[in-house]
Structure formats: structure tokens, C-alpha cells
Amino acid sequence: MADIYQLNHHAMATYFEVRIADEERTYAAQAAQAALDLLDKLESHLSRFRPSSDIAQIAWLAAGERMRLSEPAFACLEIAKKMELATLGAFSPTAGAMQTQTSLPKWHLLPEELAIECDGGRLQFDLGAIGKGFALDRMAELLRGWDCPSFLLVAGGSSILAGGPPKETAGWSCGLGDDHAPQRFFLKHTSLSGSGLAVKGNHILDPRTGHPALRQNRAWALADTAAESDALSTACMVLSDQELEEVLAQNHSWLFFLETDNAARPIGSRALPPQA
């Protein structure tokens with residue numbers, strides 16, 4: 001059994017876990033704490049509940065106004081914009097704005113200025129469906145920089161990012177669902193995220209219509225990065241089967257799982273990870 005150090009931390013309204021394998025315990029503890037310190041810094045930029053954060057400040061922009069962003073906020077919004085296009089609009093960082101506005105606000109990024117400009121509406125961003133994944137990706141970068149390649153990062157149980165596997169293992173054993181889920185896979189160098197209605201109720205909106213999500217069962221997405229898998233699992237709750245196939249046709253590195261009565265049905269051409 002590999003020697004695994006674990007450190008937990010509350011941030012972004014959930015619990016994060018950092019697990020580091022095959023490292024001297026004191027060094028692993030220092031690396032894990034550095035990753036969690038980074039997580040707190042990221043939350044200060046991305047949380048809409050902190051009045052001083054970039055995301056909270058953006059909401060005050062009027063049409064035609066722009067604001068310079070911190071590097072993490074800009075990078076996260078850049079990925080969010082990319083995922084909005086890739087999912088046919090089924091994922092949007094401004095989906096929650098449909099509760100108070102008749103249409104989605106419009107905005108664009110200015111890479112040369114590291115800024116955002118409001119094109120119309122109130123920029124009510126909620127990065128709950130991508131912010132945790134973005135944070136996991138940045139924490140993974142930090143751990144690799146500390147020369148800790150074997151790690152597992154978990155955000156609330158719904159977002160998992162696996163680095164290299166512990167020694168003499170096929171990967172990190174992760175399930176589709178809770179800790180006792182019957183469908184389990186060995187994950188390495190990949191991310192798995194899940195979305196559903198069981199915990200928060202019917203909270204997922206279709207950004208294209210403002211109506212509740214189409215699916216009532218859970219969905220999962222497998223991708224190379226946690227930001228991608230987070231956004232994709234949310235989009236899976238909104239898209240029809242035909243639309244899912246259209247999204248997957250544009251990116252063969254993604255794999256979806258849709259919950260059925262007996263098991264989760266995989267969709268996509270990416271090979272399944274080894275079963276645990």
C-alpha cells in the first residue's frame with residue numbers, strides 16, 4: 001500500500017482534499033499546505049460572495065465599461081468562454097443571471113489588456129460550475145512544481161483531479177457517485193466531475209432558455225482538466241442526447257456518463273479508464 005498524506009480544507013463553500021503519495025511526510029505536508037494556500041488566494045479573486053473580488057466587482061460595470069482583471073480571474077473567464085462555445089451554450093458562467101434578467105448579459109475579454117468589457121446587461125457571474133475545477137488545475141500545477149507528481153485533488157466529492165498514480169497501482173480508485181459507488185475506475189492524469197439535483201435540488205438552469213435542466217438523473221464528465229470536466233458535467237444536465245453527440249464530435253478527449261436505472265452509460269469515443 002502506497003504511503004499517502006492527506007490534508008483537508010474548507011473553501012468555495014465545500015471541502016477540498018489534497019492527497020499526495022510516495023513522498024516524505026513532512027515535505028508532503030508542506031506541499032499540500034502550499035496548494036491550499038493557493039486555493040484561498042484563488043477564492044479571493046473568483047468568489048462572487050466577496051465584495052472585493054474581481055467577479056463581484058465586474059457586476060457593477062455598465063455597457064461599454066471595462067475592468068482590468070487579476071491573472072487568475074482572466075484565465076478562468078477565458079476558459080469559461082471557451083467552454084460556453086464548446087457546449088453550444090449549455091454551460092455559461094452567467095447562467096444565474098437569467099433569474100433576474102430576460103437574457104444573458106454580453107461581454108468580451110481583452111487579452112492584450114487582461115481586461116473584460118461589458119457589452120450589455122449586468123455581468124452577474126457565478127463560477128460555481130467551473131471555479132472549483134479551475135482551482136484544482138492550478139493546485140495541480142503547483143504540486144508538479146514541488147516535484148510531487150503523484151496526487152489526487154478532490155473538491156466536494158463532485159470534482160476530482162488525478163495526477164500520477166501511487167507506486168505499484170493502476171491509478172487512484174474513484175467512483176461515479178459516493179464512496180461506495182459500484183462503478184469505479186482507476187484514474188491517472190485526468191479529471192472526473194459530476195452534476196445532479198439530489199443535493200441542491202433543481203438549481204441548474206439552461207442558459208439558453210432560463211428553464212430548469214432537462215435531465216433529472218446525474219451526469220459525469222471525464223476530461224484532461226478539471227475546469228473542462230466541471231463545465232461539461234453541468235452542460236450534460238442541459239443538453240439532449242443528440243446535442244451531446246454533437247459536442248463530443250468536436251473533442252474526442254471528452255467522455256460523458258449518464259445515470260440510468262442500473263448503471264451510468266458512457267458516451268464518447270475516449271477509451272474508458274481501467275475499472276477498479
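Biologist: How many aromatic pairs does a search of the whole structure find?

Modeller: Three. This is a predicted model, so local features need pLDDT of at least 70 and side-chain atom pairs pLDDT 80 or more, while totals for chains, interfaces and linings use all residues. Residues are numbered from 1 along each chain as its sequence is written, and side-chain values use heavy atoms, leaving out hydrogens and water.

Biologist: Why is the pair of Tyr 27 and Trp 146 called tilted?

Modeller: Rings of Phe, Tyr and Trp (its six-membered ring) pair if their centres lie within 6.5 Å; planes under 30 degrees apart are stacked, over 60 edge-to-face, the rest tilted. Here the centres are 5.5 Å apart and the planes at 50 degrees, so it's tilted.

Biologist: What makes this pair a link between distant parts of the chain?

Modeller: Tyr 27 sits in helix 1, and Trp 146 in the loop between helix 4 (131–145) and strand 6 (151–155), 119 residues apart. Helices (H or I, at least four residues) and strands (E, at least two) are DSSP runs, numbered from the N terminus.

Biologist: Why are helix 1 and helix 3 called roughly perpendicular?

Modeller: Their axes cross at roughly 70 degrees. Under 35 counts as roughly parallel, over 145 as roughly antiparallel, 65 to 115 as roughly perpendicular, the rest as oblique, so these two helices are roughly perpendicular.

Technical notes. Axes fitted to C-alpha atoms, helices over the stretch in contact; angles between N-to-C directions.
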